[in-house]
Amino acid sequence: MSETRENQSSKRRIRIFDTTLRDGEQAPGASIRPEQKIVIARQLARLGVDVIEPGFAISSPGEFQAIRQISRELQGVEICGFARCVRDDIDAAVAATREAARRRLHLFISASQIHLDFQLRKTQDEVIQTIRSMVAYGKQFVDEIEFSPMDASRSSEEFLYRVIESAIDEGATVINVPDTMGYALPEEFGPLFERIRRNVRGGDRIAYSTHCHNDLGLAVANSLAAIRHGVAQVEVCVNGIGERAGNCSLEELVMAIQTRGESLGVETGIRADQIYETSRLVSRTMHVPIAYNKPIVGRNAFQHESGIHQDGLLKNRNTYEIMDPEAMGIPRSMIVLGKHSGRHAIKHRVAEYGFRLADQELEDLYRRFKATADELKIVTDDVLLKLVGESSGVAAEPYALLDLQVLAGTQRTRIASVTIRRNEDGSEASYAASGEGPLEAVIHCIRQAVPVEAEFEDLELHSLSTGEGAFGEAVVTVQYQGARHQGTAVDRDIILAAARAYVSACNAALLSGRSFGEASGQ
Ligand code: KIV
Ligand code: ZN
């Protein structure tokens, strides 16, 4: 439910500067291979970011080549080379971005006293001297120079003004004020931009940007405060990844602007329908899982378990949702079935699979459902379809996994076999396959056993509890005829859960678009 969009043209356009491939890659364990960078960069361009900072050219030959390829290929987006105030860094950043259609050079140096004393070991005058000579050096090669005084929010304001003034004097065109340590509070961070603009010579003729870290969970709030105080650009990372607690999350900032644009008076050029795809790609490629409750892209962000909420949503989704997940490319599975769910939600979910139950069948299903929910917490679709079968006497799933055997261990090749029943005619068949891991072997088996042209896209495994008796949850996503379908299963045996989830995703794909009469009397 976004605010009304009158006066659209009067909104100020905020430029989105994406640093997922530079600052985001500094998240512990997130570094990726050069050839993966180009894949993410292409998706960022599709998403509609204004600037991509693809990496730190001096850091390795592979990084240099990746930045070069991105600069050469993505001619529709501005590419930003990143460098310390050091000649070799600048040379590498300039060379790596040479083929970009539009480029800028981003130079940074610390401005806080603690960084000067313990990290740079330079006096304030020496820092000013370095800024002057390095900005002037970079300006010979690139017109658009962005300058960042690192740790700005913990710097003395008098010195910060001097730092920024010297960068502007030498030709900086964008001043990026970072809250490097995620220390600022919105009410103090926003007005800082106005004081800089007022107190710095030339401060009213350049563009401002901000770059906020999330150590206190305030990165988005601080970025919005900066927007309210006039910044033209915000630096963000997909899924909020980055150093320590991460950076301002692209999707959170963009959706705050989209949802509350009238109050903020601003807009972005981001194509919201690419948000989910981008988030998944970054999470998968950089191996940074997304917290369930992460706003916008977390798995629970649009899921509701409470019966009261589910009932309201089914009547009008605006009762409990302020954004439309489908507009961000998020598959709509808003209702999680658990012990708090009511008849209305259960009936709705089985109807999504094409089953219309008679009243008595629904009552029976409801009773079985509640007993199962007490035990399993979440009733996944494959379990629900089994219960539909028990209540109606008709096997609701096209395919059922009857047996699974896996040989895992220290040998290189793992072997699996599955027995599957095709419920339409009751036929059963067994299949065997091998793989480099037990999951791969199982996936190969099921692919033979369930002949659906569904492309296996993703498998997520989660531990639902701790200790020896822990339950594992598997979520499999398949692509079928241009649509995504998910299957979820929970079991103490995580391989079995993955196998069930895969069969369930294939069943969901097969059932999509089919419609049945009452389950017992199709
Ligand atoms: O967090 C920070 O200060 C940075 C700058 C180099 C922009 O990443
Ligand atoms: Zn940063």
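1. A word to start with: "buried" here means under 20% relative accessible area. Asp-23 has 3% relative accessibility, so this residue counts as buried. His-213, at 4%, counts as buried too. Keep in mind as you look around that this is a predicted model.

2. The zinc ion (ligand 2) is held by Asp-23 through OD and by His-211 and His-213 through their NE2 atoms, at 1.9 to 2.1 Å. Along the chain the donors follow the spacing D-x187-H-x1-H. Asp-23 sits in the loop between β2 (15-18) and α1 (34-47), while His-213 sits in the loop between β8 (207-212) and α8 (219-228), so the pair ties together parts 190 residues apart in sequence.

3. Further along, have a look at the open sheet of three strands, ordered β14-β15-β16 and paired antiparallel. Its edges are β14 (455-463) and β16 (483-491); each has a single partner strand, so one side of each is left without a neighbour in the sheet. On average, neighbouring strands here are turned by 15° against each other, direction ignored.

4. Zooming in on one pairing: β15 (residues 472-480) and β16 run antiparallel over nine bridges. Val-475 stands opposite Thr-488 in β16.

5. What lies across β14, β15 and β16? That's α11, running at about 65° to β14. Helix α11 covers residues 275-286 and includes Tyr-276, a buried residue with a relative accessible area of 9%. Beyond its neighbours within four places in sequence, Tyr-276 is in contact with Met-328, Gly-329, Ile-330, Pro-331 and Gln-486.

Methods
Residues numbered from 1 in each chain as written. Chains lettered and ligands numbered in written order. Predicted model: local features only at pLDDT ≥ 70, side-chain atom pairs only at ≥ 80, totals over all residues. Heavy atoms only, no water. Donors = N, O, S within 2.8 Å, 3.2 Å for Na, K, Ca; no water. Helix = DSSP H or I, 4+ residues; strand = E, 2+ residues; numbered from the N terminus. Buried < 20%, exposed > 50% of the residue type's maximum accessible area, 1.4 Å probe, protein only. Contact = heavy atoms within 4.5 Å. Pairing = 2+ DSSP bridges. Axes fitted to C-alpha atoms, helices over the stretch in contact; angles between N-to-C directions.
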